[in-house]
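Subject: Structure for you to look at

Hello,

Here is the structure I said I would pass on. My notes on it follow below.

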Amino acid sequence: MPDDPAAVPSWTGSPLVVRLTAYGQRLRQADRRHPWVLALAVVAALFLLFCVPDLVQHDDGDGPDELRLAFTHLPVAGTLALQAGLLLPLLWRRRAPSVALAMTAAVFVVQWSLGVFLRADVALLVALYSVTLHARLRHLPWAGAGVVALLLPVAARVSRAVSAVSFWEALFFLLTAVTAAVALGLAVRIRRAQLASLRDRARQLEIERDQRSKLAAVTERTRMAREMHDIIGHNLSVIITLADGGAYAADVTPERSKQALELVGDAGRQALGELRRMLGVLREKADAPELNPQPGIGDLDALCTRIRAAGPEIFLRSGGELDTLDRGVQLMTYRIVQEALTNTLKHAGPRTRVDVLIAVEGPALRIRVQDTGPPDAAAPLDPPAEEGHGIAGMRERAALYGGTVTVGPTAGGGWVVQAVLDLTPISVPPGGAL
C-alpha cells in the first residue's frame, strides 16, 4: 500500500465505484444467506442467453446453410433435454465443482456424438471456471486437460462444417475461451484469498491491540502498586515509630511527645502529598491542577531527616555529578533508598545506625544502604525465606536500567542493600530504530 495518499488512484473514491462496491458487498451478504438463489440465477441467465436462441432458431429454421447441413437438428424435447443436462449440474458448481464439471462433460460428449450444435455448451466453460475457483488446485490440471481433450474433436468437426474456418483457427478460439475461463477463476480466487488474508490480519491486529491495551493496563497497575507500596509503606513505618516513641515519651518528657506528634503530622502530610501527586494522573479533566515533580536525589536529605526523627542515625554520603542524572534515574534512586530505609526502620528498629552511599563510578551508579541492625542482635540476620514486594520492586526498578540489586545480612548483625545501575546510554546505529 503506498504511503503517500496522493499515490492512491482517484477513481477509487468516485461515486460510481463506491456504489458498485456497496452493491457487491450486499450481493455477497445475500449470497451467504441464500446460496441457492445465486446458483439458480446463474442457470436462469445462461438459459435465457444461450438456450432460448437455439429454441427460437430451431422453430424458425433460420441459420447458415452450412451449419444446418452439418449438424443434426433434434426435436424441441431433445434439445431441452440436452440443455438441461448441460445447465442443471451448475447448481452444484460451488459445493461439488469437479462433479458438476464431470456431469456437464458427460452430456457434452453425448451431444457431440449425436452431432448436435448448442450454444449451451458454454456451460462447460462455466464449470471449468467453477473448478478453478472452488475446487482444490491439484484438480485443475486434470480438469483443464480433460476439457481440452473434449474440444479437439469439436474443433475438427467445426472446421469440416464451416469451410471458412480451419482446424487451427477453431482450436485457437476454443483454447482461448478455456484460458479465459481458467484465468478469470484464478484471478477471482487470488483476490478472495487476499481479502481473506486482509480480514484475518485485521482481526489479528485487533486482538494484538486489545492485548497491548491489557498489558499496558497491567503494567500501569503494577507500577502504581509499587509506588503505593513505597509511599504508604515508608510513611506508615515512620508514623508508627514516631507514635510509639511519642507514647513512651508522654510519661517521661511531654515536650518530646508533642514533637513526635508534629512529626507524625508532617509524615502524614508528606504521604498525602505524594499520593495526590501519583493519583492525579488518573484524572480525566484537562484542567487538572499543577502537580509537584517526582522526588529525586536532591530530596534524599529531607527523607533522611524524616527517618532520623523516628530514632535511627543516618549518614548520607554522595559522590560524582549526581545532579546531571536524568529524572528517571533520580526517581529510581530515591525509591530504592526509601524502600531500604523503610525496611531498616521496620526490622532494625529506631536504635540503629544507617550508612547511605550514592556515588557515580564511571558508567555506573552505585547505591549502598547498610545498617548495624538492632542493638540486641546476637547473631547475623538470616535472609528471609520469601522476598516481599519491596525487594522485588527494587530489583524491577534496577532492571529497567540494566542494573542489579543484592540484599543480605552483614557479619555484624545488620543488613545491607546494594544496587548498581548502568548509566551507559543506549546506542542506536545510523538509520536504526529502537
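Helix H6 covers residues 122-134, 13 residues in all. At 1.5 Å a residue, helix H6 should span 18 Å, and its end C-alpha atoms are 18 Å apart, so the two values agree. Please keep in mind that this is a predicted model.

H6 is also mostly covered, with 10 of its 13 residues buried. Among the buried residues of H6 are Ala123, Leu124, Val126 and Ala127. The run from Leu128 through Tyr129, Ser130, Val131 and Thr132 to Leu133 is buried as well.

The other part to look at is a sheet. Five strands make up this open sheet, with mixed pairing, and their order across it is S1-S2-S3-S5-S4. At the edges are strand S1 (313-319) and strand S4 (404-409), each of which pairs on one side only. From one strand to the next, the twist averages 10 degrees.

Within the sheet, strand S2 (residues 353-361) is joined to strand S3 (residues 364-371) by eight bridges, in the antiparallel sense.

Helix H10 (residues 300-309) touches S1 and S2, and its direction makes about 165 degrees with that of S1. Helix H11 (residues 327-347) touches S1, S2, S3 and strand S5 (415-422). The direction of H11 makes about 15 degrees with that of S3.

Regards

Terms used
Residues numbered from 1 in each chain as written. Predicted model: local features only at pLDDT ≥ 70, side-chain atom pairs only at ≥ 80, totals over all residues. Heavy atoms only, no water. Pairing = 2+ DSSP bridges. Helix = DSSP H or I, 4+ residues; strand = E, 2+ residues; numbered from the N terminus. Axes fitted to C-alpha atoms, helices over the stretch in contact; angles between N-to-C directions. Contact = heavy atoms within 4.5 Å. Expected span 1.5 Å × (residues − 1). Buried < 20%, exposed > 50% of the residue type's maximum accessible area, 1.4 Å probe, protein only.
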